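Hello,

Here is the structure I promised to pass on to you. Please open it alongside this message, and I will walk you through what turned up.

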Number of protein chains: 2
Amino acid sequence: MNDSSIPARLRAAKAAGLALSHAPPGERREVLLAMADTLCDPAVRASLKQANDADVADAEAARARGELSDALVRRLVLTTAKLDVLAEGLRQLAAQDDLVGRVLESRELDDGLVLRRESCPLGVLGIVFEARPDAVPQIVGLALRTGNAIALKGGREATRSNAAMVDALHGALERVGLDPALVALLEGRAEVSELLEQQGLVDLVIARGSAGFVDHVMQTSKVPVVGHAEGLCHIFLHGSADPAMAAAVVRDAKTDYPAACNAVETLLWEPGAEEALLRTVEELQAHAVTVRGCEHTRAVCPVDEATDADWDAEYGDLVLSVCRVDGLGGALEHIERHGSRHTECILAADQSAADQFIARVDAACVFHNASTRFADGYRFGLGAEVGISTQKLHARGPVGVGGLVTYRWLLRGEGQVASDYGPGKRSFKFS
Amino acid sequence: MNDSSIPARLRAAKAAGLALSHAPPGERREVLLAMADTLCDPAVRASLKQANDADVADAEAARARGELSDALVRRLVLTTAKLDVLAEGLRQLAAQDDLVGRVLESRELDDGLVLRRESCPLGVLGIVFEARPDAVPQIVGLALRTGNAIALKGGREATRSNAAMVDALHGALERVGLDPALVALLEGRAEVSELLEQQGLVDLVIARGSAGFVDHVMQTSKVPVVGHAEGLCHIFLHGSADPAMAAAVVRDAKTDYPAACNAVETLLWEPGAEEALLRTVEELQAHAVTVRGCEHTRAVCPVDEATDADWDAEYGDLVLSVCRVDGLGGALEHIERHGSRHTECILAADQSAADQFIARVDAACVFHNASTRFADGYRFGLGAEVGISTQKLHARGPVGVGGLVTYRWLLRGEGQVASDYGPGKRSFKFS
């Protein structure tokens with residue numbers, strides 16, 4: 001009798017979300033604590049391990065055939081340590097302030113006519129993400145903390161792990177008296193395509209994964225999408241950059257996690273920064289990074305030849321392109337032309353150069369003397385993130401719980417009508 | 001030598017906007033005051049009048065041929081009184097707080113590693129709007145006040161008026177030393193189509209006009225769009241509604257300005273509200289409103305017959321549909337199915353019914369005992385609005401200056417690297 005169509009499941013999710021959004025704040029906290037407890041339950045851990053072992057075995061076989069990367073397999077494995085961290089993350093999120101029903105603005109328009117702007121959940125979120133089962137409790141936690149329902153679809157290599165994880169979370173929901181319909185697990189591409197059609201039933205789709213995939217979602221979805229299609233980040237070596245700092249920061253930005261969207265892809269330098277450049281390139285080459293330079297760079301240090309295509313490449317790997325630019329203005333032009341508006345950084349001892357750079361770069365994150373790898377919800381102190389947005393609207397940069405709420409305007413009156421106000425008639429209190 | 005292509009003009013606008021956004025707050029105030037002075041200058045008024053008279057003469061002729069509505073001609077006319085109101089509006093906007101470069105959040109992640117979230121302009125706005133020349137200084141004022149550049153295209157019936165208005169505003173810009181490229185006037189459909197293609201050069205398109213037009217913009221634009229395609233607002237008469245209040249509020253909501261998106265289109269009532277219904281229908285009929293009712297409504301009062309199509313109709317005219325619903329739950333279901341998430345209202349003396357309605361309706365504006373016509377940026381005390389958004393992301397309801405800014409994350413360090421932080425290593429101050 002159960003209607004398991006996508007629209008039916010989303011309608012059930014929406015109704016359950018509405019109930020959660022009206023519940024007292026305590027309930028949105030309790031459910032996260034229950035989820036954390038579940039992830040520490042030995043029986044749950046055993047069934048998670050069984051499902052995950054099966055996914056990992058298949059992935060290892062695919063890797064042996066050269067079909068999957070090492071990185072994917074590493075992300076797929078659910079270790080005890082990862083579960084501990086997840087449980088702790090949910091408890092921290094539970095302890096954060098509740099963002100539902102906050103009065104953001106309040107104004108008495110006239111006697112007995114009071115306007116309030118109040119925060120509220122978006123409603124139903126759709127999240128499509130990579131093969132990474134630890135993302136499930138993180139994402140569900142962020143959604144429920146903010147009173148949203150959620151439909152999720154993870155990478156297919158994690159199918160059994162995700163199903164076991166959602167089963168476990170449904171158990172936690174039921175234990176605190178919430179409707180499991182709040183969390184809907186989708187499977188297969190056809191269900192994702194259908195999700196992207198559900199204007200009115202889904203309020204926001206968050207897309208994570210490869211640039212190609214995120215682009216595809218953005219272009220086909222009828223529902224608004226937050227996603228980042230690219231992270232092409234630059235570091236600019238100003239003439240005043242400290243050479244030792246440059247070597248350390250660029251090494252971290254390139255090698256700490258090369259596949260991350262906040263890794264640096266192109267190093268820019270201006271005449272005067274040769275010493276910092278040399279130290280940096282040496283450090284990178286000592287750490288297995290392939291460096292490709294423009295002709296001016298190659299005149300200074302021994303690196304491979306870069307072609308024009310390198311300036312637009314998000315390597316996601318231990319490769320860095322290096323381009324000489326004509327001072328700060330040249331750096332800004334290069335970034336404007338090739339950057340993805342994600343994270344841009346200047347290394348400079350000269351404060352006024354740094355201030356100019358910060359003022360004039362158009363990007364979600366702009367850094368001075370710090371690694372681009374800090375562009376991350378956790379490191380920014382947001383608690384957790386559902387993704388990093390390179391769009392300017394709604395949410396920019398790392399998107400935490402704040403990106404999962406919207407607001408409503410509530411007006412309470414005593415029968416006031418608009419035609420009573422105007423020149424020569426009643427006036428509003430604010431005017 | 002002047003490259004007058006759309007991309008070239010938008011690039012010039014972007015550069016000029018960047019300069020304005022870095023200028024001290026005083027400059028963003030000065031330019032609005034200069035614009036206000038310009039609109040009061042007798043010579044400017046004379047040339048505005050000449051241009052507007054020509055537009056109005058053509059429009060009158062078209063109206064005589066039945067091609068244009070009275071309302072359009074009324075909106076087209078630029079009177080001295082309208083110019084006075086516009087100048088006053090610009091002065092009020094100049095007096096408001098500056099929204100550029102505000103520190104929205106600040107956090108010391110570690111010693112010497114400080115994160116700030118700072119507000120900034122969106123960049124270049126594109127606005128496509130109806131034949132209403134008084135919208136030009138309003139929109140330009142909102143854009144410049146927030147440090148944005150702007151490309152505008154108004155309805156073709158106002159072509160000469162808009163050109164004269166933009167000329168006048170360019171004069172004001174030059175007088176305070178700003179680049180006129182900040183305000184680009186587009187002409188013709190081809191230029192609008194090209195505007196909607198300029199991903200990366202335009203940051204937000206605001207679309208105003210008919211539902212069909214706004215839908216078209218939303219579906220073809222590659223740039224994010226804020227626009228409202230529809231305003232299908234309901235008023236629900238609860239059994240406890242005061243009959244006199246109901247008659248007055250519904251009359252205002254329907255007749256104050258029937259073409260507005262915040263006018264009521266459908267009246268819902270529950271058993272018990274018959275007296276309020278009768279009083280309301282009488283009042284409406286006495287004010288030339290055509291009332292169409294469902295069969296239950298027609299059993300109570302003499303009104304025309306409504307068909308199913310009426311529940312989805314945005315009349316924009318002196319027509320109201322009336323539907324009996326099965327209590328508050330029935331009203332919520334009707335609104336969920338037929339509403340446009342714009343403005344929904346309950347009339348009720350019963351506070352708990354009103355609270356339930358407010359909690360459970362999903363709309364940008366939710367009102368209790370007040371006319372839907374209050375859903376307006378000016379009446380909300382926002383100063384002015386560029387439009388009313390029925391979307392949930394970024395800006396919801398009346399969009400004032402707050403909807404024209406975004407934010408950036410600025411991180412200033414002393415060479416910190418991400419790999420120094422983590423379990424067993426340095427920890428962040430917030431953790």
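To begin with the sheet: how many strands does the open sheet have, and in what order do they come? Keep in mind that this is a predicted model. The open sheet has 10 strands with mixed pairing, in the order E11(A)-E10(A)-E12(A)-E9(A)-E8(A)-E13(A)-E14(A)-E17(B)-E2(B)-E1(B). At its edges stand strand E11 (304–305) of chain A and strand E1 (103–110) of chain B; each has a single partner strand, so one side of each is left without a neighbour in the sheet.

Helix H11 (residues 274–286) of chain A packs on this sheet. H11 touches strands E8 (233–237), E9 (264–269), E10 (290–293) and E12 (319–324) of chain A, and its direction makes about 145° with that of E10(A).

Now follow the sheet from one chain into the other. E14(A) and strand E17 (residues 405–416) of chain B run parallel and are joined by five bridges. One pair to look for is Val366(A), whose bridge partner in E17(B) is Leu410(B). Within chain B, E1(B) and strand E2 (residues 113–121) run antiparallel, with six bridges between them. There, Glu105(B) stands opposite Arg117(B) of E2(B).

What about the contact between the chains as a whole? Chain A and chain B put 55 residues each into it. On the side of chain A that touches chain B, the elements supplying at least two residues each include helix H1 (6–22), helix H10 (243–255) and strand E14 (365–370). E17(A) gives the most to that side, with 11 residues. By class, the residues on that side of chain A are 28 nonpolar, 14 polar and 13 charged. Of the interface residues of chain A, 100% are also interface residues in chain B, so the copies meet through the same surface.

The two copies are also related simply: a rotation of 180° with 0.0 Å of shift along its axis superposes chain A on chain B, with an RMSD of 0.1 Å. That is the relation of a two-fold axis. In chain A, the C-alpha nearest the axis belongs to His394(A), 1.9 Å from it.

Finally, a helix pair in chain A. The axes of H2 (residues 25–40) and H5 (residues 80–95) of chain A come within 8 Å and cross at roughly 165°, which makes H2(A) roughly antiparallel to H5(A). Among the residues making the contact are Leu32(A) and Ala36(A) of H2(A), and Leu86(A) and Leu90(A) of H5(A). The contact has 12 nonpolar, no polar and two charged residues.

Best wishes

Note on methods
Residues numbered from 1 in each chain as written. Chains lettered and ligands numbered in written order. Predicted model: local features only at pLDDT ≥ 70, side-chain atom pairs only at ≥ 80, totals over all residues. Least-squares fit on C-alpha atoms with pLDDT ≥ 70 in both. Contact = placed C-beta atoms within 7 Å. Axes fitted to C-alpha atoms, helices over the stretch in contact; angles between N-to-C directions. Helix = DSSP H or I, 4+ residues; strand = E, 2+ residues; numbered from the N terminus. Parallel < 35°, antiparallel > 145°, perpendicular 65-115°, else oblique. Nonpolar A, V, L, I, M, F, W, Y, C, P; charged D, E, K, R; others polar. Pairing = 2+ DSSP bridges.
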